[in-house]
Amino acid sequence: MSHFTTLKTKIVEKTYLKQALDDLGHSYQEGNLQIDGYQGNKTTAEIKVLTQNASYDIGFRKNGEGYEMVADWWGIREINQQTFVESLNQRYAYHAATAKLAEQGFSLVSEEVEETGRIHLVLRRVV
């Protein structure tokens, strides 16, 4: 019986996903990889996030236009699933938004992280 949980995300760009993982300090591997879970069960992923428990990983794989996250959270004790997803989504959105705005000619003027964790960006474009 598989313990893997699959969560559909709104992540579509691998580049921003990797930048978000870097921001959060997670080591990862890329390629046609196997994700480990309970009793040696495995599933496939394109990005494998290493955890402190060598027998359990977090993976990301493309499904349609977006990525889904797959992991056996039973064996991942040091990472809270909800906190991980929220932090990853925030950092992904940060990189996606700043990159898309830079493409439109905006430049980052200031950035402030509020006590709540909310990020306030001020961007400017000269026309």
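1. Seven salt bridges are counted in this structure, a salt bridge being a side-chain nitrogen of Lys or Arg within 4 Å of a carboxyl oxygen of Asp or Glu. Side chains of opposite charge can pair when their charged atoms come close. The model is predicted, and local features need pLDDT of at least 70, side-chain atom pairs count only at pLDDT 80 or more, while totals for chains, interfaces and linings use all residues. Residues are numbered from 1 along each chain as its sequence is written, and side-chain values use heavy atoms, with hydrogens and water left out.

2. One of the salt bridges joins the side chains of Glu-46 and Lys-14, at 3.5 Å from N to O. Glu-46 lies in strand E3 (residues 42-50) and Lys-14 in helix H1 (residues 14-23), so this pair ties together parts that are 32 residues apart in sequence. Helices (H or I, at least four residues) and strands (E, at least two) are DSSP runs, numbered from the N terminus. Glu-46 counts as partly exposed at 25% relative accessibility, and Lys-14 is partly exposed with a relative accessible area of 26%. On this scale buried means under 20% relative accessible area, exposed over 50%, and partly exposed in between (1.4 Å probe, protein chains only).

3. Glu-30 is partly exposed at 41% relative accessibility, and Lys-18 is partly exposed at 21%.

4. Asp-23 forms a salt bridge with Arg-91, and their closest N and O atoms are 2.9 Å apart. Which helices does this pair tie together? Asp-23 lies in helix H1 and Arg-91 in helix H2, so the pair ties together parts that are 68 residues apart in sequence. Asp-23 is partly exposed, with a relative accessible area of 38%, whereas Arg-91 is buried at 16%. As for shared partners, salt bridges join Lys-14, Lys-18, Glu-30 and Glu-46 into one network.

5. The protein chain has two helices and seven strands. From the N terminus on, these elements run β-α-β-β-β-β-α-β-β. The C-alpha trace spans about 60 × 30 × 20 Å along its principal axes. Of the 127 residues in the chain, 35% are buried. Among contacts between residues at least 6 apart in sequence, 42% join residues at least 24 apart, where contact means heavy atoms within 4.5 Å.

6. Helix H2 has 23 residues, which at 1.5 Å a residue should span 33 Å; its end C-alpha atoms are 33 Å apart, in agreement. The expected span of a helix is 1.5 Å times one less than its number of residues. The buried residues of H2 are Phe-84, Val-85, Leu-88, Arg-91, Tyr-92, Tyr-94, His-95, Ala-96 and Thr-98. What covers these buried residues includes H1 and the strands E1 (5-8), E4 (57-63), E5 (66-71), E6 (107-113) and E7 (119-124).

7. Not counting residues up to four places away in sequence, Ala-20 touches Leu-88, Arg-91, Tyr-92 and His-95. Ala-20 and Lys-42 are 22 residues apart in sequence and 25 Å apart in space, C-alpha to C-alpha.

8. Gly-40 lies in the loop between E2 and E3 and counts as exposed, at 51% relative accessibility. Gly-40 and His-95 are 55 residues apart in sequence and 35 Å apart in space, C-alpha to C-alpha.

9. The count comes to one cavity of 30 Å³ or more, and about 30 Å³ of space lies in the largest cavity. On a 1 Å grid over the protein atoms alone, a cavity is a set of points where a 1.4 Å probe fits but cannot get out, and lining residues have an atom within 4 Å of a point. Grid points are joined across faces, edges and corners, and a volume is the space filled by probe spheres set on the points.

10. Leu-7, Thr-9, Ile-11, Met-69, Val-85, Leu-88 and Asn-89 line the largest cavity. Helix H2 (residues 81-103) gives the most to this lining, with three residues. The lining residues divide into five nonpolar, two polar and no charged. Ala, Val, Leu, Ile, Met, Phe, Trp, Tyr, Cys and Pro count as nonpolar, Asp, Glu, Lys and Arg as charged, and the others, Gly among them, as polar.

Conventions. 1 Å grid on protein atoms, 1.4 Å probe; cavity = no way out; pocket = protein on both sides within 12 Å on 5 of 7 lines; lining within 4 Å.
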